[in-house]
Amino acid sequence: MEELPASPADRHSTPVDGVDVLGALSPSRAGDFLTCPLLYRFRTVDRLPEPPSPDAVRGTLVHKVLEDIFELPAPERTPERAQELLEPSWEQICATEPELRALFGAEGPALAPWLASCRSVLERYFTLEDPRRLEPAERELYVETLLDSRLLLRGFIDRVDVAPDGAIRLVDYKTGKAPGPDYEAKALFQMKFYALVVWRARGVMPAMLQLIYLGSGEILRYVPDEQDLRATERKVEAVWRAIREAGETGDWRPNRSRLCAWCAHQAICPAYGGTPPPLPVVAEERVLVEPVQPSSD
Ligand code: SF4
């Protein structure tokens, strides 16, 4: 029997974690593309290194302490114990990434005030929640689901709480400040993305999405519904189509915004007079499969 020609979808499919998919997308990278297609290219296709910043490393350290504190028996999850965990956690992070020590001292900020800033962020956490009264079902949970279109959605959720009645709450910690009203929808996109993945993978709609902003001591809560998550799915599919189109045409446009101030790639960005490097030969493959890591912002 004559073999049928592969459909365009099959021709572009690729295995990811043993699953034959059209591509894989996390909320961070979808967020990159929505912020600036060229930023997505630099991070996902070129995979250009970005020097760690003290703010980013603070996020990594605080996330680690907030994860580790739940290893302790509930009565011991106090602000004092969290402070005690801080420096050993910093040493553990440096043991795997020794280059982070170089951020401090000679040319960067001194270590002691930076550690003090991490302590303040942790203190603020305890004004928002009492971890002695919480028993998370999961921490740093990797989740994935394959949409009907064979786009694989995946990511890491900081914390999943499950109430006795089975209601699921997804929690994400942010070490920065809560966004103003104009940027709330953007912040919630990540949580709706996770909610969509959990709903599709487990068949249960999360009852609550919660962003804990440790920089300003605020909590943003949102109750998703089916209409919301279906709209999120359509949005994710549209983002993916736009990414594929940019990958095929090579048209990764810069999009100047106030977020450029935090972009590590201004020097090679045409919006700032720079020239991007040539695309790598494995560009198409990298458009399809982006690396996924726990968030630490
Ligand atoms: S500097 Fe701004 S416009 Fe240029 S790549 Fe970075 S985020 Fe995009």
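## Tryptophan 252 and the cores

Tryptophan 252 touches Phe33, Pro37, Leu38, Tyr40, Arg41, Val45, Ile243, Ala246, Gly247, Leu279 and Val287, leaving aside residues up to four places away in sequence. Contact here means heavy atoms within 4.5 Å. This is a predicted model, in which local features need pLDDT of at least 70 and side-chain atom pairs count only at pLDDT 80 or more, while totals for chains, interfaces and linings use all residues. Residues are numbered from 1 along each chain as its sequence is written, and side-chain values use heavy atoms, with hydrogens and water left out.

Trp252 also belongs to the largest nonpolar core, which has 45 residues. A nonpolar core is a set of buried Ala, Val, Leu, Ile, Met, Phe, Trp, Tyr and Cys residues joined through side-chain atoms within 4.5 Å. Buried means under 20% relative accessible area, exposed over 50%, and partly exposed in between (1.4 Å probe, protein chains only). Those with the most contacts inside this core are Leu25, Tyr40, Leu153, Leu170, Trp240, Ile243 and Trp252. Helix α7 (residues 184-202) gives the most to this core, with 11 residues. A second, separate core of 29 residues includes Val57, Leu61, Trp114 and Ile212. In soluble globular proteins, nonpolar side chains tend to be buried together.

Helices (H or I, at least four residues) and strands (E, at least two) are DSSP runs, numbered from the N terminus. Two strands pair if DSSP finds at least two bridges between them. Strand β3 (residues 23-25) pairs with β5 in the parallel sense over 3 bridges. There, alanine 24 stands opposite leucine 152.

Strand β4 (residues 138-146) runs antiparallel to β5, joined by 8 bridges. Leucine 141 faces isoleucine 157 of β5 in the pairing, standing opposite that residue. β4 and β5 form a hairpin with 4 residues between them. In its turn, arginine 150 has a positive phi of about 70°.

## Strand β6

Strand β6 (residues 168-174) pairs with β5 in the antiparallel sense over 4 bridges. Valine 160 stands opposite leucine 170 in β6.

Of the 7 residues of β6, 6 are buried, so β6 is largely enclosed by the rest of the structure. β6 also runs parallel to strand β7 (residues 208-213), with 6 bridges joining the two. Valine 171 stands opposite glutamine 210 in β7.

Arginine 159 sits in strand β5. At 1% relative accessibility, arginine 159 is buried. Its contacts are Phe70, Tyr125, Glu129, Leu134, Pro136, Glu138, Arg139, Arg169, Leu170, Val171 and Tyr173, not counting residues up to four places away in sequence. Arginine 256 is 97 residues from arginine 159 in sequence, and the two are 33 Å apart in space, C-alpha to C-alpha.

Lysine 192 lies in helix α7. Lysine 192 is buried too, at 18% relative accessibility. Lysine 192 touches Leu209, Tyr222, Asp228, Leu229 and Thr232, again not counting residues up to four places away in sequence.

## Helix α5

Helix α5 (residues 79-96) has 18 residues. The expected span of a helix is 1.5 Å times one less than its number of residues. For α5 this gives 26 Å, and the end C-alpha atoms are 26 Å apart, which agrees. α5 bends by about 30° at leucine 86, and proline 88 follows within four residues. The bend at a residue is the angle between axes fitted to the seven residues ending there and the seven starting there.

The buried residues of α5 are Ala82, Gln83, Leu85, Leu86, Ser89, Trp90, Ile93 and Cys94. Their cover includes α4 (54-68) and α6 (111-128). An α-helix has 3.6 residues a turn, so residues three or four places apart point the same way.

## Cysteines

A disulfide is a pair of cysteine sulfur atoms within 2.5 Å. By this rule the count is 0 disulfides. The sulfur of cysteine 118 is 11 Å from the closest cysteine sulfur, in cysteine 94, which is too far for a bond.

Cysteine 118 is buried, at 0% relative accessibility. Cysteine 260 is buried as well, with a relative accessible area of 12%.
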